[in-house]
Amino acid sequence: MSSAIQSSTSLFEAGAQERLESYLVKYAQKSEIVPLTPDASTRVYFRVMWKRGTAVAAVYPEAFDETVQPYLDVTRLFAECELPVPEIYDVDGSLGVIIQEDLGDNQLCRVLESAPDDEREAFLEQAIAIIARIQAATAKAFERDSICSRLAFDEAKLTWELNFFFEHYFGSLRHEKLSRGQTAELKAELNDIAAELSARPRVLCHRDFHSFNLIVDKQNRLRVIDHQDARMGPASYDLVSLLLDRVIELPSLAEIRDRRLFLLTERGRLSLEPCDPDEFAREFRLMTVQRCLKACGTFSYQRGVRGRVQPYEQFIEPMLAITLQAAEWLNRFPVLQQMIRERI
C-alpha cells in the first residue's frame with residue numbers, strides 16, 4: 001500500500017459527502033452536491049458541477065491505489081477498445097473519489113418500458129452488439145494484464161454465488177431451514193451447475209450487463225456503466241443478464257432464440273471463434289439457471305438482510321420462474337425444480 005493511501009485512512013472517519021466536499025475544496029471546485037440513488041453498492045454517487053457542465057462523483061468506502069483500482073483499470077481497457085464507457089475526468093485515491101462523465105439518468109430499463117417495438121428492437125440489438133465487442137476485447141485484456149484477465153467465473157466463484165442464493169433465499173428471506181437430506185441433494189445439483197459452467201470456454205464478460213447498467217445518452221447511444229467487476233466467463237453470460245436479469249415477465253422462447261442467434265452473428269462479424277448454435281443454446285440455459293439463482297440470492301439479501309423492498313422484491317419470483325423454465329428445457333435438476341415449484 002502506498003504511503004499516500006496509508007496517510008489518508010483517517011479521512012475515512014468522515015462520511016462520503018464530507019470527503020467529496022474536501023476533494024472539491026482541495027481542487028478549488030465550487031459545486032452543489034446532489035446525492036444520487038445508489039444500487040446494491042458500497043459506493044456512493046453524487047452529481048456535481050464540473051467546468052461548463054456536470055459530472056458524477058463516485059465516492060468509495062476506502063482509499064485506493066489509482067494504478068490498480070478495478071473500475072479505473074477496466075475503464076482504461078474498455079476505452080482503449082472503443083467501448084462506450086464514461087470518460088474519467090479526475091481521480092483522488094487518497095479520498096476515494098472518482099470524477100467521471102455524467103451520462104444522465106436515462107436507464108435503458110426505463111426507455112424500454114415505453115419505447116415502440118422498432119425502437120426497443122434497435123436498442124436491444126445495439127446492446128447485444130456491445131456484448132460481442134466486449135468479448136472481442138478478451139485478447140487485449142490479457143495483453144494489458146488487466147485485473148479482469150485475472151478474474152474468472154471459475155468453479156469457486158460460481159459455487160460461492162449459488163451458496164449465497166441458498167443462504168439468503170431460504171434463510172434470510174424465507175427463514176426456512178431445509179433438512180440435511182434436502183440440503184445435500186440441492187447442493188449436489190448446484191455443484192454440478194458450477195462445475196459444468198466453469199469448464200466452458202471463457203471470454204471477457206461485463207458481469208452485470210443488464211438494462212439498469214446501460215444508459216441512453218443525449219445522442220441516443222447506449223453507454224455502459226458499473227463495469228468494475230468484469231471478468232472471464234462463458235460467452236452466454238452477459239446475454240443471459242441482459243435478457244433475463246431484473247425482468248417481471250418472461251420473454252418468449254422465440255425471442256430468446258433470436259437474440260442468441262443475433263449475438264452469434266455479431267461474434268462472427270468480429271471474427272470471433274464460431275459457436276455451434278445448439279451447444280450455445282444449452283450453455284445459455286445452464287447459464288440462465290446459475291445467473292438467475294445468483295440474482296435471486298442478491299435480491300433476497302437486499303430484502304431479507306438490508307430491508308430494501310424496492311426494487312428488489314418484485315424480481316425474486318420472476319427469477320425463480322425463469323430458472324424453472326430453463327431447468328425444464330434442459331430436463332435436469334429435479335430437486336431444484338421441485339423446490340421452486342413448491343415456493344412460487
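These legends describe close-up views of a predicted model. Local features need pLDDT of at least 70 and side-chain atom pairs count only at pLDDT 80 or more, while totals for chains, interfaces and linings use all residues. Residues are numbered from 1 along each chain as its sequence is written, and side-chain values use heavy atoms, with hydrogens and water left out.

**View 1. The hairpin of β4 and β5.**
Strand β4 covers residues 88-92 and strand β5 covers residues 97-101. Helices (H or I, at least four residues) and strands (E, at least two) are DSSP runs, numbered from the N terminus. The two strands pair in the antiparallel sense over four bridges; pairing requires that DSSP finds at least two bridges between them. D90 has I99 of β5 as its bridge partner. Four residues lie between the strands of this hairpin. There, G96 takes a positive phi near 70 degrees.

**View 2. The salt bridge of D105 and R47.**
Side chains of opposite charge can pair when their charged atoms come close. A salt bridge here is a side-chain nitrogen of Lys or Arg within 4 Å of a carboxyl oxygen of Asp or Glu. The whole structure has 29 of them. In this one, D105 and R47 meet at 3.0 Å, N to O. D105 sits in the loop between β5 and α4 (108-114), and R47 in strand β2 (residues 44-50), so the pair ties together parts 58 residues apart in sequence. D105 is partly exposed at 45% relative accessibility. R47 is buried at 17%. The cut-offs are under 20% relative accessible area for buried, over 50% for exposed, and partly exposed in between (1.4 Å probe, protein chains only).

**View 3. The salt bridge of D145 and R150.**
The closest N and O atoms of this pair are 3.1 Å apart. D145 is partly exposed, with a relative accessible area of 45%. R150 counts as exposed, at 54%.

R341 is partly exposed at 44% relative accessibility. E328 is partly exposed too, at 39%.

**View 4. Helix α7 and its cover.**
Helix α7 spans residues 155-173, 19 residues in total. From first C-alpha to last it reaches 26 Å, close to the 27 Å expected at 1.5 Å a residue. That expectation is 1.5 Å times one less than the number of residues. Buried residues of α7 include L158, E161, L162, F164, F165, F166 and F170. Their cover includes α8 (180-198), β9 (231-233), α9 (237-244), α11 (277-304), α12 and α13. After α7 comes H175, with a positive phi near 55 degrees.

**View 5. The largest cavity.**
A cavity is a set of points, on a 1 Å grid over the protein atoms alone, where a 1.4 Å probe fits but cannot get out. The whole structure holds two cavities of 30 Å³ or more. The largest has a volume of about 40 Å³. Its lining is L244, I256, F284, R285, T288, I322, Q325 and A326. The elements giving two or more residues to this lining are α11 and α12. Lining residues have an atom within 4 Å of a point. Grid points are joined across faces, edges and corners, and the volume is the space filled by probe spheres set on the points.

Methods:
Contact means heavy atoms within 4.5 Å. On a 1 Å grid over the protein atoms alone, a cavity is a set of points where a 1.4 Å probe fits but cannot get out, and a pocket is an open set with protein on both sides within 12 Å along at least five of seven lines; lining residues have an atom within 4 Å of a point.
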